[in-house]
Amino acid sequence: MPKQPPPSTARRADYDTPWKDVLDRWHRQFLEFFFPLAAAEIDWSRGHEFLDKELQKVTRRAVVGRRHVDKLIKVWRRSGAETWVLIHTEVQGNREADFPKRLYTYHSRLTDRYNRPVATFVVLTDDHPDWRPARYEQALWGCRAVLEFPSIKLLDYRDRVTELETSANPFALVALAHLAAIATRRDPPARLAHKIGLTRRLYRRGLERDDILSLYAFIDWVLALPDALEEDYHRCIQAIEEAEHMQYVTTAERIGIQKGRKEGRKEGRKEGRKEGEVAILLRQIARKFGPPTDAVRERIAGADPETLLEWSDLILTAQTLDEVLH
């Protein structure tokens, strides 16, 4: 029988909230990152307006499949002060046979409703490399209706990891998180390592507190862990926050992720955090290189928290244990 994904991973069936949160916060950065030609033609000085309620009126009347995320915003073009266009964005996380037809239906109804140009952009977050819908067409006796829509596939960024890691755009981190989720779907310990690395990278970006919390929530959602590893993750987050001098000791409580914990339990945490880091690193070593020797265990137990965090990063790409510890 094939191995099933962890229960806490399977529960992430609803794509709506996390993606909508980051799209609401950074819609300009979203277009600049994934659809730069469109972003360059928008007059961002005039702001933009979300029309999600209007989109819901259109989609309620449409025959739809499983919809992950759809957003509708109104923006103005640089070419004319009185001209504005609608941008309809879809984030699709599973293959859907009628997906192009559904987009055509939305596009037609939005055009009819507003009598304005409508641009439809698609982000495909599934793990099927060959599924790349980009066009809908129907024809009868010389009459033809066509919709072509730009789409990007997150899987295509697997060969652009260095670019993602150096980009300041928040959607580079979103893409890294999705790629890690796909790569570690059947490997919870590896997922834990990626999740810790991405969170550390997030904290080092110099973002404002609210931006960190928003991306933190996205990373936690897309890289869901079994409960036991989730505890390891939160212990490591506390250590990262201490090492980075971040004032987010209770970040997990604030966004409702770390259930059952109380604020104010600062005394005695330092030793517990180190024990958690040691346990995580030993588990990673055993997973990748086999059971650690007594000498390796002693060396890890004697390392300081910052060194333990650096070794946890190195193990993601190292080919041998010596590369990690030296």
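**A first look**

At 4% relative accessibility, Asp232 counts as buried (buried means under 20% relative accessible area, exposed over 50%, and partly exposed in between, using a 1.4 Å probe and protein chains only). Keep in mind that this is a predicted model, in which local features need pLDDT of at least 70 and side-chain atom pairs count only at pLDDT 80 or more, while totals for chains, interfaces and linings use all residues. Residues are numbered from 1 along each chain as its sequence is written, and side-chain values use heavy atoms, with hydrogens and water left out.

**The whole chain**

- The protein chain has 16 helices and 7 strands (helices, H or I with at least four residues, and strands, E with at least two, are DSSP runs numbered from the N terminus).
- Of the chain's 326 residues, 49% count as buried.
- Among contacts between residues at least 6 apart in sequence, 69% join residues at least 24 apart (contact means heavy atoms within 4.5 Å).

- Asp232 has its place in helix H11, and it is in contact with Leu192, Ile280 and Arg283, leaving aside neighbours within four places in sequence.
- Cys236 lies in helix H11 too, and with a relative accessible area of 2% it is buried.
- Not counting residues up to four places away in sequence, Cys236 touches Ile196, Ile280 and Leu309.
- Cys236 and Glu277 are 41 residues apart in sequence, yet their C-alpha atoms are 6.0 Å apart in space.
- Other buried residues of H11 include Leu229, Tyr233, His234 and Ile240.
- How far apart are the end C-alpha atoms of H11? They are 25 Å apart, which agrees with the 24 Å that its 17 residues (227–243) should span at 1.5 Å a residue (the expected span is 1.5 Å times one less than the number of residues).
- Leu225 is found in the loop between helix H10 (209–222) and H11, and at 1% relative accessibility Leu225 counts as buried.
- The C-alpha atoms of Leu225 and Lys195 are separated by 9.2 Å, although the two residues are 30 apart along the chain.

**The nonpolar cores**

- The largest nonpolar core holds 55 residues, and Trp19, Phe30, Leu31, Phe34 and Phe171 touch the most other members (a nonpolar core is a set of buried Ala, Val, Leu, Ile, Met, Phe, Trp, Tyr and Cys residues joined through side-chain atoms within 4.5 Å).
- Helix H8 (residues 170–183) gives the largest share of this core, 10 residues.
- Domain 1 (16–157) and domain 2 (165–246) both give residues to this core, so it lies between them (domain bounds come from an automatic or database domain assignment).
- Apart from this core lies another, of 14 residues, among them Val296, Ile300, Ile315 and Leu321.
- In soluble globular proteins, nonpolar side chains tend to be buried together.

**Helix H3**

- His27, Phe30, Leu31, Phe33 and Phe34 are buried in helix H3 (residues 27–34).
- Seen down the axis of H3, these buried residues fall within an arc of 165 degrees, so they line one face of the helix (the arc is that of the directions from the helix axis to the C-beta atoms).
- Phe30 is in contact with Trp19, Leu23, Phe35, Thr89, Val123 and Phe171, leaving aside neighbours within four places in sequence.

**Strands and sheet**

- An open sheet is formed by 5 strands in the order E1-E2-E3-E4-E7, with mixed pairing (two strands pair if DSSP finds at least two bridges between them).
- Strand E1 (49–50) and strand E7 (151–153) stand at the edges, each with a single partner strand, so one side of each is left without a neighbour in the sheet.
- Strand E2 (residues 69–76) pairs with strand E3 (residues 84–92) in the antiparallel sense over 8 bridges, and Trp76 has Trp84 in E3 as its bridge partner.
- Strand E5 (residues 135–140) and strand E6 (residues 143–148) pair in the antiparallel sense over 6 bridges.
- Within that pair, Gln138 stands opposite Ala145 in E6, and Arg135 stands opposite Glu148.
- The hairpin of E5 and E6 has 2 residues between the strands, and Trp141 takes a positive phi near 55 degrees there.
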